[in-house]
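Biologist: Hey, I'm new to this one. Could you put it up and walk me through it?

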Amino acid sequence: MAVTWRLLKLIGPYWRAAVLANLCLIGTTVCSVVVPGILSKAIDLGILGGDRALLLLSALLIIGIAVVRGGAAYGQSYLSEYISQKMAFDLRNLLYDRIQRLSFAFHDKTRTGQLMSRTTVDVEAIRQFVSMGTVRLVNTFLLLSATLAIMLSVNWRLALISFAFLPVVAFRAVTLSRRLLPIWTAVQEAIGAMGNVLQENLGGMRVVKAFRLEQFEAGKFNLRNQAVTNLSIEANRQAAFNQPFMAFILSLATLTILWYGGREVIEGRLSIGELVIFNSYIIMLAMPVRTLGFLVNMFSRATSAGERVFAILDTESEVKEKPHATRLNDVRGYVRFENVSFSYNQRSRVLDGVDVDAGPGEKIALLGSVGSGKSTLTNLIPRFYDVTAGRITIDGVDVRDVTIESLRRNIGIVLQDVFLFSATIKDNIAYGSVSASDADIFAAAKAAHIHDFVMGLPDGYDTWVGERGVTLSGGQKQRVAIARTLLLNPRILILDDSTSSVDMETEHLIQAALAELMKGRTTFVIAHRLRTIKNVDQILVLEDGRVVERGRHGDLIAGNGIYKRIYDVQLRDEEELAKKTESDGAGSTVASRLVGAQQ
């Protein structure tokens, strides 16, 4: 019931519409229960008593009540749908906002398909229950209450016999609800799993086709789809028995009324019109009682959906902003790691006792094997994760003491996995600076050496890049991402392999631009290119989460340590190739001059 109560509390902002909807519902109920009474008088006094005027009046009253009932039913239906749509709108926004604010640690453990399912399918299940389920439940309760009161006033013995079957109906509804709740929870989970398979397949369609695994992926989806189908069929199998069972109970109630009520009419203790009242009310209750199984089914599904939705809304972010956090302003870019340790799972440390001292404007290169902690180290600066021990400061201020928004506003990031939105090139460059002028966008694009390419496209900066930037090459996407970061004009830069997937010529142009633009900015570079490494102020070599070497290129080469081994295995060939290219270029230049002199 706690989940149901929380769902109903979401209606709070629309309480006026809810009050009007309930008034309309009361109006339809009153109109419904009044008609059998009019029919009873028309039979007893109009037909049997021969009062034609009363018959005419009764007919006019029934027509008028039908008109009023129709208007009230329209108001109730419209207002219920209005409330449910507004509540779903609010709930989707709450979910989206919460998902946006949760830390990387949450997203590392949660499947995208499950989040999409909870934001769409689960919210829709809740909306349908609010729109139809709550109205029908209230309608059933009001009808039962009103008819019981009227029937007791007419003939209490027959009323008690008629309602003797209600405990059976209530017991069946409760047991069915308990059976359906875990089944519908499993259905919602299965829908999320199916959505995750679909999302992964669509995102990796090029890989699927390249490896000719369409049938394999279709089989994976079929398994998830079959699970949803089987669970849904089981839930509806459980609920399907309920409607004929309720109809059978109502038939027994009708039989009892005819048997006992007929005897009462014969013995003169009950009029024919009053017997008609009883029978009319039982018929009137037939539809709500028959749909009670449907309502229980809907209630169970909404409850399971609510549990899944509130599980997200109640999740606390592992990265929390302090209540009185201050803004990080006038940043110079002095970044320090003071004995920092970090663990994803509290069992094994990814970083262990790391110390870094990066002065304003310094460039820091991070090197190490896969899993050494390079990306984790950079992810701690903007508080994508919080340190397990130690602290990180910017200009002497602990990053946990400032607002997250002001912290990240001063940090520009180019992630290893470049992500572009399904929008224009201009929109993607201006993503972090929506108020930037065209001149600023063009300047950032020129600095990233993407401007000329963009201007060569038919639509220029209004070119649509497609989902995840699929229409651009890896190098082009990387330069758009760099332009996006440069437009922010941050004091601290984090470049995660930002030039490792572009050709040598493009890399040279980007490095030249970045060398000028990084002046005055503290820069952390995870790089595999010697050109980047040789031009930095500090090189940090990480191994098993520790900084095992630090210094400049020349000093570390002479040290004959881990950096020297990395250089020999990964970087020496690059340096020799660069020297050969320069030598060939110089030879070509000399030959050209000699030919020109001879001519």
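Predicted model: local features only at pLDDT ≥ 70, side-chain atom pairs only at ≥ 80, totals over all residues.

Biologist: Which residues make the nonpolar surface patch with Leu20?

Modeller: Trp15, Val19, Leu23, Ile26, Val30 and Val34 make the patch together with Leu20, and it comes to about 620 Å².

Biologist: Switching topic: where is Phe384 found?

Modeller: Phe384 sits in a loop, with α13 (374-380) on one side and β4 (389-394) on the other.

Biologist: Is Phe384 buried or exposed?

Modeller: Buried, because its relative accessible area is 12% and the cut-off for buried is under 20%.

Biologist: What does Phe384 touch, leaving out residues up to four places away in sequence?

Modeller: Its contacts are Ser103, Phe104, Val319, Asn379, Arg408 and Ile413. Take Phe104: 280 residues separate it from Phe384 in sequence, yet their C-alpha atoms are 5.8 Å apart.

Biologist: Zooming out, how many helices and strands are in the protein chain?

Modeller: There are 22 helices and 10 strands. The chain has 599 residues, and 46% of them are buried.

Biologist: What about the accessible surface of the whole chain?

Modeller: About 31100 Å², with 59% of that belonging to carbon and sulfur atoms.

Definitions and conventions
Residues numbered from 1 in each chain as written. Heavy atoms only, no water. Helix = DSSP H or I, 4+ residues; strand = E, 2+ residues; numbered from the N terminus. Buried < 20%, exposed > 50% of the residue type's maximum accessible area, 1.4 Å probe, protein only. Contact = heavy atoms within 4.5 Å. Patch = residues over 30% accessible without salt bridge, like charges linked within 9 Å, V, L, I, M, F, W, Y side chains within 5 Å. Areas by Shrake-Rupley, 256 points an atom, 1.4 Å probe, with all protein chains shown as cover. Salt bridge = Lys/Arg side-chain N within 4 Å of Asp/Glu carboxyl O.
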